[in-house]
Amino acid sequence: MRVLNLKTEYKNNPLGIDVRKPRFGWMLQSHIRSQGQTAYRIIVASNLADIQERHGTVWDSGKVVSDRNVHVEYDGIALRSNTLYYWAVQAWDRTGNPTAWSESALFSTGLFHSKEWLAKWIGMTGPSTEWMGEEGLSRTTELCPYVRKKFHMRRPIVRATVFSSALGLYTLQINGKRVSEDYFAPGWTDYNTRVQYQTYDVTSLLKTGDNVAAALLGSGWYAGHVASIGKYQYGTEPYFLFQLHVEYDDGSAECIVSDESWKTSEGPLSKADIIMGEMYDARREQAGWCEPGFNDSEWESVGVKSHTAKLVSQVDPPVRITEEITPSRQYKRSEMQTIYDLGQNIAGWVRIVLTGPAGSKVTLRYGERLDQDSGLYMANLRGALQTDIYILKGDKTEAYAPQFTYHGFQYVEITVSSEEVAVCSVVGQVVHSALAMTGSLITSNPMVNRLQSNIVWSGRDNFLSVPTDCPQRDERWGWTGDSQVFIRTASYNMDIASFFRKYMIDMMDAQQPNGNFHIVNPEGGLTRYLASLNDPYNLKLSPGWGDAGVIIPWTLYQVYEDHAILQEHYESYRKWIRFVLDVSEDYIVGEYGFGDWLSVGAETPKDVIATAYFAYSTSIMANISKALGKEEEAKSYTELFGKIRSAFNEAFVGPDGRIKGDTQAAYVLAIQMNLLSTENERRAIHYLVEDIENHGGHLTTGFLGVSYLLPVLTRGGRTDVAYRLLLQDTFPSWGYSIKHGATTIWERWDGWTEEHGFQDPGMNSLNHYSLGSVGEWLYRTVAGIDAAPGQPGFKQIVIRPMPGGELTYARGEFESIYGKIISHWELSEDNYRLNVTIPVNTTATVYVKAKNGNYASLFVNGEPALQAAVVTWTGFEGDQAVFHVGSGEYEFICYRT
């Protein structure tokens, strides 16, 4: 057995963490089946030599008898700010043999105390100017200044660390080289409450003698447009924060900070807005501005701003370019205009290489589809321009890609101002928070494979600092309802732990004094905007959206066994339940919020939805309390759930078991949220299937109902109907959009139809993950990968694929916090074959479809099932043989003859 993939707070070798007692985790690998850990020893030191000599000078846990290899909390001497630490771990296997020591890992700490921040917020202040947009529209120029500081390093450097941030966005260079590949730093938060900072090791970029720190600033969410609300939701111009700590070879140290001594100047960016786009005039570049030899004597002194928001180390993964796509086709609209098709709807931009005379203009407009005239379809962007303008400086070859904006698009229209301009290359760059991919799923059905791909792409495209609803129009909010229905699907496809941990902080920062959660986070001015519209959706309470404040952390606990996320915000969850209870009357919640948003052909009563979610969040609170050992609270919430359940049945369930509204969503939510008696649940399944049949084998559910539709059918023994919905390709269905060219999930079932064309452009995103929440069912039921009930974190695994819908094979992979889980089944004329991989230090219950409950037809790794020593056969459940296995690889075969 060997130890590998060491992580601190979910990250490999993180810099600048501000957790005082970080948690460690590692994976284990072995070729021996049923292997696991019985003990571990962790050592931590402030220099690598001590680790290599196995001296834990900061912490030595000693040999700890435990099988735990995730979320092991540091328990040594108090960590110091701005300090680099190394650590390693050794484990003991099931037979008591020690492993070799792991490779060393590291982490560094950030600045724990506000008084340690010596830097000041700096920027350019002054009046904005105007420029003329593409259609002659006047647009206010954004302040996108250069800032720089020249400084002298007096001796050879041992270690140099930058802590930097912005009110707005920034890119930082040291001596002409970018310090990272990050974009959109420091990320979107409520800047008046909390601002994230980044930590970079810049030792290799500095030199003895003169050096320069230089940054380019953009307005970002801080001063630029936030959705359709407009600009200046937090401030009016960007500011920058910089603190460089240098340690010299003689043991001395120095600190260089942003202050009044820095210089600033306008640069080539005269507009840079996340939603509107960029305008970059390359003629205004100042060669060498970020290098020591540049003469900045004509630059202005910076302005200084006081800002009291809390500075915290970045929690979520940085935004980065994660993939490049070459256009699949291109065609000329005219001699001056060409449209390029990437073949995939993405979030990001294109990088162009071109030549032409100085002063020539290139306009790039981005859209998701083409209109009926084969032109760029941009009506659904609403107020977003999604337009970048580049003015050439006349060099032999020039390259351009945006820095402070991004677009949702499959097509880009490039228009040149002169025939002398030649576009040499166009490459799409995919941009999003750099979450590690953890899942994959492929089947024998091409449409299902395309659906899985669309789900993954919509998740990637909309996870950019916050989980947005769409990447193209003037919205891009972090909607809570969308997030909570999709989070379990997302957790299979990507490592979302840190990303949603940050989003939960955003939610808690904005929680109202009465306990209500905002429908978007960060809130960014939406509350004021809706108030100006007289609150058209009665958002005093928003069922299914506000409940995200409880559902999301509970989901993170189920997937990652993270007790901290439950404990840190427990009082906020309590406040939410108390708020809904106060709003309710006799445990029934009224008609608030958005309902089953964008359902089709059905309208589920909002009070049914609201009361069901009230019950659901209350039951989750009982489980959260139990997980934290709060038994009295768990009992109290269980009792409250019982009262809500009784009230729901009395108010909404008829004598025949029909639920008010008689819609698919009504039955789905009541079943999923355990609100019905056994008999009424049986009836509800019948009514649900009946309604599906009455709609010609189609669904009618919207955002809230669709997430549980197929799981509820499987729970009720109608997986056959679930497969029928999955494979449906007539309207409305997932297959319908795929049949008509979708490469991402559409916001609405009728985003485009043969009969009506595009839907209302006021709300018609073609890249919107909510209806893709079916992905959870694909992993859990088609591939059959799940955590055991009541056992969080995939420490105990269930492998239970349910073949159907004429699929002949499926393969699912999921990288859990313990390691990779694989379930791969195939159906042939002769046999059913299931190959399973279970990670070290976990166990699994495997369900294998057997012919008529006949164990004689079952073989495991080539041996008759009852003779196979590598597994434990525990009996039959229906037509499935049940086995208990440890870690390793297994092949189960059931012969049909």
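Tutor: Happy to; we'll talk about a sheet and then some salt bridges. Keep in mind that this is a predicted model.

Student: Okay, what's the strand order in the open sheet of 6 strands?

Tutor: The order is β15-β14-β17-β12-β20-β23, and the pairing is antiparallel. At the edges sit β15 (177–178) and β23 (300–301), each pairing on one side only.

Student: And how many bridges join β12 to β20?

Tutor: There are 3 bridges between β12 (residues 146–153) and β20 (residues 263–265). Tyr146, for instance, has Ser265 in β20 as its bridge partner.

Student: Switching topic: how many salt bridges does the structure hold?

Tutor: It holds 53 salt bridges. One of them pairs Glu254 with Arg154, with the closest N and O atoms 3.4 Å apart. Glu254 is in strand β19 and Arg154 in the loop between β12 and β13, so the pair ties together parts 100 residues apart in sequence.

Student: What does Glu323 pair with?

Tutor: Glu323 meets Arg460 in a salt bridge, 3.0 Å from N to O. This links strand β26 (residues 319–325) to helix α3 (residues 446–462), with the two residues 137 apart.

Student: Is Arg460 buried or exposed?

Tutor: Arg460 has 10% relative accessibility, so it counts as buried, whereas Glu323 is partly exposed at 30%.

Student: Which residues do salt bridges with shared partners join into one network?

Tutor: Those are Arg382, Asp469, Arg473, Asp474, Glu475 and Glu747.

Notes. Residues are numbered from 1 along each chain as its sequence is written. This is a predicted model: local features need pLDDT of at least 70, side-chain atom pairs count only at pLDDT 80 or more; totals for chains, interfaces and linings use all residues. Side-chain values use heavy atoms; hydrogens and water are left out. Two strands pair if DSSP finds at least two bridges between them. Helices (H or I, at least four residues) and strands (E, at least two) are DSSP runs, numbered from the N terminus. A salt bridge is a side-chain nitrogen of Lys or Arg within 4 Å of a carboxyl oxygen of Asp or Glu. Buried means under 20% relative accessible area, exposed over 50%, partly exposed in between (1.4 Å probe, protein chains only).
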